[in-house]
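Here is a friendly walk through the model shown below. Keep the sequence and the 3D view side by side as you read.

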Amino acid sequence: MIKLKSEIIIFIALISIAALLAGYNVFSVEMQKIETSRQIEERQRFEREMLEELKSRETRELAEYYQMYRPIKAEFVGKVAELSEEAQDKIVNVWHLKELTTARLEAVVEYREKLTGIGDLPELLDTFYNYELEFIESDIEAISIVLSYYKSESYSTYDDTEIKKLYKNKNLLFLKAEEELQRVYGKYNLGYLLEESS
Amino acid sequence: MKKIKLSKSKKIKILKIVTAVIAGAGLLFLLYPSYTNIVGRVRQASVLSEWETKKEALQEEGKEPFEIDENYITPSEDIIEGDKIDKITEEPYSRDIGKEEIDYSILTAEDFFPLKIKIPKIELEWIVNEGADTVTLKQGPGHIPETPLPGDTGRSTISGHRTTYGAPFNKIDRLEDGDLIYLETIKGGTFIYAVTGLEIVKPVDVYILEGTDKRELLLTSCYPEYSAVERIILISELLNIYPLELVSAKNK
């Protein structure tokens, strides 16, 4: 009888130990689950914060760059508009034409110098910058050839295929640069900056 | 035959009448150019105004200046699609109409004349008609039909009076190399020429009208003023003016 009792006690003890072990196991697994979930949440929150910080940094960089770029571009556009307007009135002679074209060339060269002097170009604007520089180079080349045409004094026999090609090319590059600028600033909700200055 | 003897007072009277007639004729002779100039200029002002009105009406109808070679005027199509780029690429070529894009084989003088000639340096603005006969030249400068049409290869020639009938070409001797001459057709086409030389020739020296491979415009008139002994020939060459505009200026 005593033996039976002790066996029962041992059995109960073993059962209890097993139950405790199983309970502990379940508990630890659950705890681990909770911890993992917490860690995932934490990580997600961290990533979100990092992303927001990165985005706000990029946005800030874009806005800062535009603050420097805008007056330079506005000055260039203004000068060109002024010269174009003068050219719209009847030009009296070729000398006047050469003068206006030279001023136009100087304007784009000055724009190139100022643009390349800005520095701290946000990585996001690499494509825009390349298009803009290509446009400038193409514009300089086109205007230079036009100027040499005016100086050639063989006005009607001059082969202007190259001029036409360059005009086509520079127009295309200019548009691409503008579109890229709008795309990037639009993506970072900064499109209003471009609208303000247009 | 019986000789009539006039009294001294009668002789003086006749002499006075003859003198008055001669003086009157002389005065009329002197005033004639001024009279024709005043009449010519008044008429020209009205002709110019009519021409401008007609030009505006044609532009509103959207008439093309000339038949344009399709391969020439649409450079944008192979590069990019859409209205935006088309607007831009048209611009550099719109004023560049004086060269190969015009198919002269299908054009006649009616496509060009009457056209307006403008020379800002001497403030000249007249309507040029086709023909260089006496009647046409009384109305204003006229294009010699035997010479090429404006913008074409060779020496397109316009004649005009220098001292009478409004004296449209009175000041052409004041033009210098590089000065610009604008020809505007009623349908909106523009040809711009730059002066390259000036020659004085005899009326028989028609060789001057023979062209080279250049696209030239000659303005001819009498030389010196009040004389038809020689001809003054102003030579100019077709010039393309390329736009200075930025694309963005039109599209922003």
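From its N terminus on, chain B runs α-α-α-β-β-α-β-β-β-β-β-β-α, which amounts to five helices and eight strands. Helices (H or I, at least four residues) and strands (E, at least two) are DSSP runs, numbered from the N terminus. Please keep in mind that this is a predicted model: local features need pLDDT of at least 70, side-chain atom pairs count only at pLDDT 80 or more, and totals for chains, interfaces and linings use all residues. Residues are numbered from 1 along each chain as its sequence is written, while chains are lettered from A and ligands numbered from 1 in the order in which they are written.

**Burial and core**

Of the 252 residues in chain B, 31% are buried. A residue is buried if 20 or more other C-beta atoms lie within 10 Å of its own, exposed if 12 or fewer, and partly exposed in between, with C-beta atoms placed from the backbone. Two residues are in contact if their C-beta atoms, placed in that way, lie within 7 Å. Among the contacts in chain B with a separation of 6 or more, 63% are between residues 24 or more positions apart.

The largest nonpolar core holds 66 residues, and Ile117(B), Ile181(B) and Tyr193(B) have the most contacts inside it. Helix 4 (residues 161-187) of chain A gives this core its largest share, 11 residues. Such a core is a set of buried Ala, Val, Leu, Ile, Met, Phe, Trp, Tyr and Cys residues joined through C-beta atoms within 7 Å. In soluble globular proteins, nonpolar side chains tend to be buried together.

Which residues does Tyr193(B) contact, leaving aside its neighbours within four places in sequence? They are Leu180(B), Ile181(B), Leu217(B), Ser236(B), Glu237(B), Leu238(B) and Leu239(B).

Helix 4 of chain A also passes a simple length check: at 1.5 Å a residue, its 27 residues should span 39 Å, and its end C-alpha atoms are 39 Å apart, which agrees. The expected span is 1.5 Å times one less than the number of residues.

**Strand 4 of chain B and its partners**

Strand 4 (residues 154-159) of chain B has five of its six residues buried, so it is largely enclosed by the rest of the structure. Two strands pair if DSSP finds at least two bridges between them. Strand 4 of chain B is joined to strand 3 (residues 142-143) of chain B by two bridges, and these strands run antiparallel. Ser159(B) takes part in both pairings: Gly142(B) stands opposite it, and its bridge partner in strand 7 of chain B is Thr220(B).

**Backbone details**

| Site | Feature | Value |
|---|---|---|
| Phe113(B) to Pro114(B) | cis peptide bond | omega about 0 degrees |
| Tyr223(B) to Pro224(B) | cis peptide bond | omega near -10 degrees |
| Asp120(A) | positive phi | about 45 degrees |
| Glu123(B) | positive phi | near 50 degrees |
| Asn189(A) | positive phi | about 55 degrees |

Pro114(B) lies in the loop between helix 3 (83-94) and strand 1 (115-119) of chain B, and Pro224(B) in the loop between strand 7 (215-223) and strand 8 (230-239) of chain B. Asp120(A) sits in the loop between helix 2 (94-116) and helix 3 (126-152) of chain A. Asp120(A) is exposed, with 8 other C-beta atoms within 10 Å. Glu123(B), in the loop between strand 1 and strand 2 (124-130) of chain B, counts as exposed with 8 C-beta neighbours inside 10 Å.
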